[in-house]
Amino acid sequence: MPSVASRQGSAVDWVESLSPWPEKFGLDTMRALLAELGDPQRAYASIHVVGTKGKSTATRTIAAYLEREGLRSGAYTSPHVSGWRERIQVGAQDVDIERALERVRHQADALGATQFETLTAAALLEFAESEVDVAVVEAGLGGRLDATNVIDAGIVLLTNVDLEHTEVLGDTREQIAKEKLAVAHAARVVVTSDNTYSELIPKQTARVIGGPEAAAAAFLGRPVEGRLEPDLPGRFEQRGEEIWDGAHTPAAVDWLLARLPARDYTLCVSVLVDKDVDAILARLAQAGNHLIATSSTNERALPADELALRARPHFAQVEAVADPSAAHARARELSPRVLVTGSLYLLADLYR
């Protein structure tokens, strides 16, 4: 029976009511949903972006390069920080998210689609309705069983590989890379940052070393000029003297530290329980000596008190403030130079 939220209220309210996790991972529901919608993913070319970190930025960057070359481009990213509309763009503009969700609402509800399956279907249909030339699609979790693995992307970009979601993807980097690169089943070119996982790329597929620029060039068949860095909420977002960045792995924190203009921040931090918490905290200690531990509203967030306990060996001063908004306010009381990090879900809470 359809949920109450599916029978009344806005489409955004409805999608928020859906389960974010499937009972079991697989593509059957996603394929059935797209079939009901007329298989919109077949109406345009596509580029698939997989990896551990930097996927959203890479996705938006590739789309920006292709737009500059005169192609009408769509971009699908996750998770969002500023709001659901952020996930689906056409021509570098957020689409009407209510309209996009309403287009798939009946079919998704009838099939019991998850939140991510529904959003992915809405994006793929929106791209067809908008008559894009190419869609740049970010994978959610892994690749092989991810809801986005219904596109036959000609170009695949692997941004990087780190230990994440080991209970689903495997407990070694090689196993995780294999899951991610499984989306390359129809690719003519796979772009990677180095040759580490080259043996996992299909033999008939061309291999290119590089990043978003190389992926755009592979699609175009020619080099791209200049360098583009689209703004994306929560990805090294500068708000006066504050910096908001959703770094949630040790490697992501290393990337953040290399770009910080100072090392005297008061930190406002939340981390999910399944992340490498101690390694993240050890690195974040290089950014400042005072940490306000908090807990995002995500059900996997580490409680603020536990995060504070684990932070004390690394920071001179540690406080626990459970509510994210109150934690942010406390950090701002201590210094105008605040670093908000550890989880995109924390940033999403503060945006709200």
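A residue counts as buried when its relative accessible area is under 20%, as exposed when that value is over 50%, and as partly exposed in between. Keep that in mind while we walk through this structure, which is a predicted model. Here's a quick try-out: Tyr 351 comes in at 30% relative accessibility, so Tyr 351 is partly exposed.

Let's stay with Tyr 351 and see who its partner is. The rings of Tyr 351 and Trp 244 have centres 5.7 Å apart, and their planes stand at 85 degrees, so this is an edge-to-face pair. For that label, the planes have to be over 60 degrees apart. Where do the two residues sit? Trp 244 belongs to strand β10 (residues 242-245), while Tyr 351 belongs to helix α14 (residues 344-351). They are 107 residues apart, and the pair links distant parts of the chain. Is Trp 244 buried or exposed? With a relative accessible area of 3%, Trp 244 is buried.

Phe 236 is in the loop between α9 (212-220) and β9 (237-239), and Trp 255 is in helix α10 (residues 250-257), so the pair ties together parts that are 19 residues apart in sequence. Phe 236 has a relative accessible area of 18%, so it is buried. Trp 255, at 33%, is partly exposed.

That loop between α9 and β9 also holds Pro 230. Pro 230 is partly exposed, with 28% relative accessibility. Which residues does Pro 230 touch, once its neighbours within four places in sequence are set aside? They are Arg 60, Thr 61 and Ala 64. Now try pairing Pro 230 with Leu 145: the two are 85 residues apart in sequence, and their C-alpha atoms are 29 Å apart in space.

Compare that with another pair. Asp 13 and Glu 98 are also 85 residues apart along the chain, and their C-alpha atoms are separated by 9.7 Å. Asp 13 sits in helix α2 (residues 11-17), and its relative accessible area of 44% makes it partly exposed.

You'll find Thr 159 in the loop between β6 (155-158) and α7 (166-169), and at 13% relative accessibility it is buried. What surrounds it? Leaving out neighbours within four places in sequence, Thr 159 is in contact with Val 49, Val 50, Gly 51, Thr 52, Lys 53, Gly 54, Lys 55, Ala 58 and Ser 193. Take Gly 54 from that list. Gly 54 and Thr 159 are 105 residues apart along the chain, yet their C-alpha atoms are separated by 6.6 Å.

Next, watch two helices meet. The axes of helix α3 (residues 28-36) and helix α6 (residues 115-129) come within 10 Å and cross at roughly 35 degrees. The crossing is right-handed. On the α3 side, the residues that meet α6 are Thr 29, Met 30, Leu 33 and Leu 34, and on the α6 side they are Glu 117, Thr 120, Ala 121 and Leu 124. Sorted by class, this contact has five nonpolar, two polar and one charged residues.

Last, a look at the backbone. Most residues other than glycine have a negative phi, and most peptide bonds are trans. Which spots go the other way here? One is Asp 39, which is not a glycine but has a positive phi of about 50 degrees; Asp 39 lies in the loop between α3 and β1 (45-50). Another is Ala 92, whose phi is near 65 degrees. Ala 92 sits in the loop between β3 and β4 (93-94), and it is exposed, with a relative accessible area of 52%. Then there is the peptide bond from Ser 78 to Pro 79, which is cis, with omega near -10 degrees. Pro 79 is in the loop between β2 (73-76) and β3 (88-90).

Definitions and conventions. Residues are numbered from 1 along each chain as its sequence is written. This is a predicted model: local features need pLDDT of at least 70, side-chain atom pairs count only at pLDDT 80 or more; totals for chains, interfaces and linings use all residues. Side-chain values use heavy atoms; hydrogens and water are left out. Axes are lines fitted to C-alpha atoms, for helices over the stretch in contact, and angles run from 0 to 180 degrees between N-to-C directions. Helices (H or I, at least four residues) and strands (E, at least two) are DSSP runs, numbered from the N terminus. A crossing is left-handed if the near helix is turned anticlockwise from the far one by less than a right angle, and right-handed if clockwise. Contact means heavy atoms within 4.5 Å. Ala, Val, Leu, Ile, Met, Phe, Trp, Tyr, Cys and Pro count as nonpolar, Asp, Glu, Lys and Arg as charged, and the others, Gly among them, as polar. Buried means under 20% relative accessible area, exposed over 50%, partly exposed in between (1.4 Å probe, protein chains only). Rings of Phe, Tyr and Trp (its six-membered ring) pair if their centres lie within 6.5 Å; planes under 30 degrees apart count as stacked, over 60 as edge-to-face and the rest as tilted.
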